[in-house]
Amino acid sequence: MPKNEKDLILKVTDLKMHFPIRKGLLAKTVGHVKAVDGVSFEIERGKTFGLVGESGCGKTTVGKCVLRIYNPTGGEIVYNGKDIANYSASEMSPIRRDIQMIFQDPYSSLDPRQSLKSILKEAIVCDMKPHGATEIEKRISELMISVGLDPIMMDRFPHELSGGQRQRLGIARALACNPDLIICDEPVSALDVSIQAQVINLLKNLQKQLGLSYLFIAHDLAVVRNIADNIAVMYLGHIVETMDSDEIYAHSIHPYTKALLSAVPITDYYEEQKRQRLPLEGEVPSPIHAPSGCPFHPRCPYATDKCKEKMPDLTERMPNHFVACHNV
Amino acid sequence: MTDNREILLEVKNLKTSFFTQAGEVKAVDDVSYYVKRGEVIAVVGESGCGKSVTQMSVMQLIQTPPGKIVGGEVFFEGKDILKYDRFSEEMRAIRGGGIAMIFQEPMTSLNPVYKIGNQLSEVIMCHKGLDKKAAWAEGVKALAAVGIPDPEARMENYPFQMSGGMRQRVLIAIAVACGSKLIIADEPTTALDVTTQAQVMDLLKSLVKEYGTSILMVTHNLGLVTRYAERVYVMYAGKVIESGTCEDILMHARHPYTMGLLNSVPRLDSERSQDLVAIDGQPPRLSELPPYCSFFPRCPYACEDCKQGKPELQEIGPNDHYAACWRIEEILKNAEK
């Protein structure tokens, strides 16, 4: 199917987010942190797009730009056919109901002094329409049941909940305004393994029932692969590879993706003994002094002179599989 | 392959409780394990299962009150170190000298207002009795040994000037410098990125090869266990519920909890379309444990017979494969089919 026939809910083109570094009495701008530097991707309606990368690669910044928590330095964010990158605050506010966010640490994103009921009520009434008290109560129960919380707990406070329950509450709050797109920023990384699986399954089921689209941001490749339809791997503000998530384990091409994969041990004992390791030396460079050309070249075993000078473009190497590397 | 390495650390029937207003909380309830010289073992479990408290008890670092080691023995190089007073010279020599500990968040284990070099050489002066200058030189050597580039300059750094992976290396350097025979690594890489995690774990593994150090790692990451450990102890609600070789536990797990845990890990390598098989319910609160098997409320195999009391660990296979479950015989029969 050609590109333009896809039902896209979000299309991000050449998104840039540069944070100025200010110094001195007059707060002169002395440089920029290029947190996101030319990122493009698209999300189909009803699908999950996974964004993976190590800390500091800019994946959370992308999520925050889409919600316009940050005002991007450049690029387009087309949501349902409209470019929202330059919308004013009042133009954004109806859209913020359609795009919701789930955070990593549900404890710091929930008000400790509000009961569950009041947290959810706030999200329900934010659409400025009149709501009856019984209607709100009914909706709160519905929401709690849909995320697997018992409505009896309505009058409790966040500290009385376990980590998994708190994350469920975070999801319920995101669902309260009937959103189309949910940005999930590391939603399961603070949870125990057995609870993590429960929350992943819940997110998957909600997607089936409500036709939600997700932008799923996480550092755990296995989690992202499990939930996402497409995966983009980020490194220092750039997407280096995007592909169907079935491809990632066996058919990834970019040297960084391969190194990242080989760093993650798998739980199959026999398979693990056979796996080839591609150790990655050194650390991620600072985005203030990002290397010229391909950002990965100082750590890349295949780097050539060309890599030092020119940033490679994302090119389609296989159907639906884009790689940014000169030496494929 | 027969394994005739000498046992370095043996913990027998260790019990640690916390005495709170709500009553006695048995955080560690009758836990036994051993570590041989040059061996890497892993203790696996979810948060609150007592895996860290067990290690803190071995080091006698439990805050007393409310915590107290109520029973058991801990043999290190043949001596029962639980008999030592926790403030005694002997115990202090073991902490850092014989057994070193590495924690999850290296920023909180290093003092932010002292240079790396001061912290490193202080430990070396304590344990090796060297003067300041010699200790500093030893420190430089230790930093080089853990793969920190430009160690002389790094000695002058403060912890905040280093990345998470570097700080974790400094802690490992402290262990190396004092010639610790056992390193207890409590979630050593949870705060680190995956590529840094691989670097730090590879470094720990190389210490085993080079110095014959033993490593006990406490983790919830089953992938790390697969790659680095030889034997595994799985803990749940203060008890070891299954133990065995890495191969036995990961490929032939028999306790329902271990099986559930393995099924709920998202995999990189298997079919993607299927849902994860999650374990229902929440991990139990240690203050409200039932008098029978603690896993009962979440167990898919649970039946009335399981309420007869706490199951004991019993041998279920060669190579020291143990499991504590009332219905283990049925599970074993089903597995054979």
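Modeller: One term to start with. A crossing is left-handed if the near helix is turned anticlockwise from the far one by less than a right angle, and right-handed if clockwise. Also, keep in mind that this is a predicted model.

Colleague: Fine. Which hand does the crossing of α4(B) and α5(B) have?
Modeller: That crossing is right-handed.

Colleague: And at what angle do α4(B) and α5(B) pack?
Modeller: At about 115 degrees, with the axes 8 Å apart. α4 covers residues 116–128 of chain B, and α5 covers residues 132–145 of chain B. Angles of 65 to 115 degrees count as roughly perpendicular, so α4(B) is roughly perpendicular to α5(B).

Colleague: Which residues of α4(B) and α5(B) meet?
Modeller: From α4(B), they include Leu120(B), Ile124(B) and Met125(B). Among those they meet in α5(B) are Ala135(B), Trp136(B) and Leu143(B). By class, the contact of α4(B) with α5(B) has 7 nonpolar, 4 polar and 3 charged residues.

Colleague: Over to chain A. How do α3(A) and α5(A) pack?
Modeller: At an angle of about 25 degrees, with their axes 8 Å apart. Angles under 35 degrees count as roughly parallel, so α3(A) is roughly parallel to α5(A). Their crossing is right-handed.

Colleague: What makes the contact there?
Modeller: α3(A) brings Leu116(A), Ile119(A), Leu120(A) and Ala123(A). α5(A) brings Leu169(A), Ala172(A) and Arg173(A). By class, that is 6 nonpolar, no polar and 1 charged.

Colleague: What about the sheet in chain A? What is the strand order?
Modeller: The order is β2-β1-β4-β5 in chain A. It is an open sheet of 4 strands, with antiparallel pairing. The edge strands are β2 (28–44) and β5 (82–83) of chain A, each pairing on one side only.

Colleague: How many bridges join β1 to β4 in chain A?
Modeller: There are 5 bridges, between residues 8–23 of β1 and residues 74–79 of β4 in chain A. Thr13(A) stands opposite Glu76(A) there.

Colleague: Which helix lies across β1, β2 and β4 of chain A?
Modeller: Helix α1 of chain A, residues 59–66. It runs at about 110 degrees to β1(A).

Colleague: Last one, back in chain B. How many residues of α1(B) are buried?
Modeller: 6 of its 8, so to speak mostly covered. The buried ones include Val53(B), Gln55(B) and Val58(B).

Colleague: And what follows α1(B)?
Modeller: Gln60(B), with a positive phi, near 55 degrees.

Technical notes
Residues numbered from 1 in each chain as written. Chains lettered and ligands numbered in written order. Predicted model: local features only at pLDDT ≥ 70, side-chain atom pairs only at ≥ 80, totals over all residues. Heavy atoms only, no water. Pairing = 2+ DSSP bridges. Helix = DSSP H or I, 4+ residues; strand = E, 2+ residues; numbered from the N terminus. Contact = heavy atoms within 4.5 Å. Axes fitted to C-alpha atoms, helices over the stretch in contact; angles between N-to-C directions. Parallel < 35°, antiparallel > 145°, perpendicular 65-115°, else oblique. Nonpolar A, V, L, I, M, F, W, Y, C, P; charged D, E, K, R; others polar. Buried < 20%, exposed > 50% of the residue type's maximum accessible area, 1.4 Å probe, protein only.
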